[in-house]
Amino acid sequence: MCKASVIVPVYNSSKYLHRCLDSILNQTFRDFELILINDGSTDNSIDILREYESKDSRIVMIDKVNEGVSAARNQGIEIAKGEYIMFCDSDDYVDENWILVLLDGIKNNCNSWVNCEYYTFSSVTDRCILHKLNSISTNQIISLENYYMYYTNNYSHSCWNRIYRKDVINEFDIRFPINISVGEDVLFNIQYIKHCKSFYHIAQGLYFWNDDNCDSLSRKTDLFYYDTLKTLYFPRLEVVSERDKQAFIDEYFFRFYQCLDDLSNSDYKEKVRYGNYILKDSAFIHALKNTSENSCNNKLKTMLSLHSFNVFLLYKKLRGE
């Protein structure tokens, strides 16, 4: 058994793959296996993976039909031999101490959800930005009650700047959901958090997230976006502390409401159909019912409670919006 298993799903990543794999294989910590899962790539990614597999005995390579990133990660989990599990996306890369530092973090805080800070970078704009957690400058244990702080600082969504105990993942059968295409990391993390006693934050940027792909699903703000939001609403609400629940609901209601406004450029029949779908959806209804008056005054709340997108359009017209 090795100490860590690093799982990398690969789909048409030939442009970035050498950089990614080199950064992992050149880690200062050496006792790990690298599980590479070719998820039905149609470019020459598979040739690159085979080249690396032939050169390093730590590499385990799987070639499979395309089923999406969740299925690929889950297959990696099933065959992983490491005591700990880590994930990396094939268009990203990592600091040479990525494994070492995160491994030390979880060894000393075995009941914590351990994460490091991360950079976003773009080879197109030549920028690299460090994302810190609420200006925290030292490694520290953070109460689970601060999940909302992780959420508002964009630290709750990813699996690649973290390390996980494989025994916890296996004991509670924690896997990535395969029926969604955005937010699977969030749901995986929420399952894992439920079996942790704290967060442990490492105030060091060790992961570099590629911001080049402007067409990724996570950027969409069309009709699809509401479905992403609502999928994550109730699971996130479950782990937000009572102290932060109102702020969370208000913030989510604002985002739900923006989805209604974003329909203004759609075909009339389509926006009415989808607008009614939003207004009648259980997540929207819950947020509307529980949001504060500062977020939604009584007049607006009453109007939205009619669950009619045509009424919503009339309301906006009368307000000159």
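**Close-up views of a predicted model**

The structure holds 35 aromatic pairs (rings of Phe, Tyr and Trp, the last by its six-membered ring, with centres within 6.5 Å). This is a predicted model, in which local features need pLDDT of at least 70 and side-chain atom pairs count only at pLDDT 80 or more, while totals for chains, interfaces and linings use all residues. Residues are numbered from 1 along each chain as its sequence is written, and side-chain values use heavy atoms, without hydrogens or water.

**View A. The aromatic pair of Trp98 and Tyr207.** The pair is tilted, at 6.2 Å centre to centre and 55° between the planes (stacked is under 30 degrees, edge-to-face over 60, tilted the rest). Trp98 belongs to helix α4 (residues 98-108) and Tyr207 to strand β10 (residues 198-210), so the pair ties together parts 109 residues apart in sequence. Trp98 is buried, at a relative accessible area of 0% (buried means under 20%, with a 1.4 Å probe and protein chains only). Tyr207 is also buried, at 0%.

**View B. The largest nonpolar core.** Among its 102 residues, Leu34, Trp98, Phe284 and Leu304 touch the most other members. Helix α9 (residues 245-261) supplies the largest share, eight residues. Beyond its neighbours within four places in sequence, Phe284 is in contact with residues including Phe253, Phe256 and Leu304 (contact means heavy atoms within 4.5 Å).

**View C. Packing of helices α10 and α13.** Helix α10 (residues 268-280) packs on helix α13 (residues 309-318) at about 105°, with axes 8 Å apart. α10 is therefore roughly perpendicular to α13 (65 to 115 degrees). Residues of α10, including Tyr268 and Leu279, meet Phe309, Asn310 and Leu313 in α13.

Technical notes:
Axes fitted to C-alpha atoms, helices over the stretch in contact; angles between N-to-C directions. Helix = DSSP H or I, 4+ residues; strand = E, 2+ residues; numbered from the N terminus. Parallel < 35°, antiparallel > 145°, perpendicular 65-115°, else oblique. Core = buried A, V, L, I, M, F, W, Y, C linked by side-chain atoms within 4.5 Å. Buried < 20%, exposed > 50% of the residue type's maximum accessible area, 1.4 Å probe, protein only.
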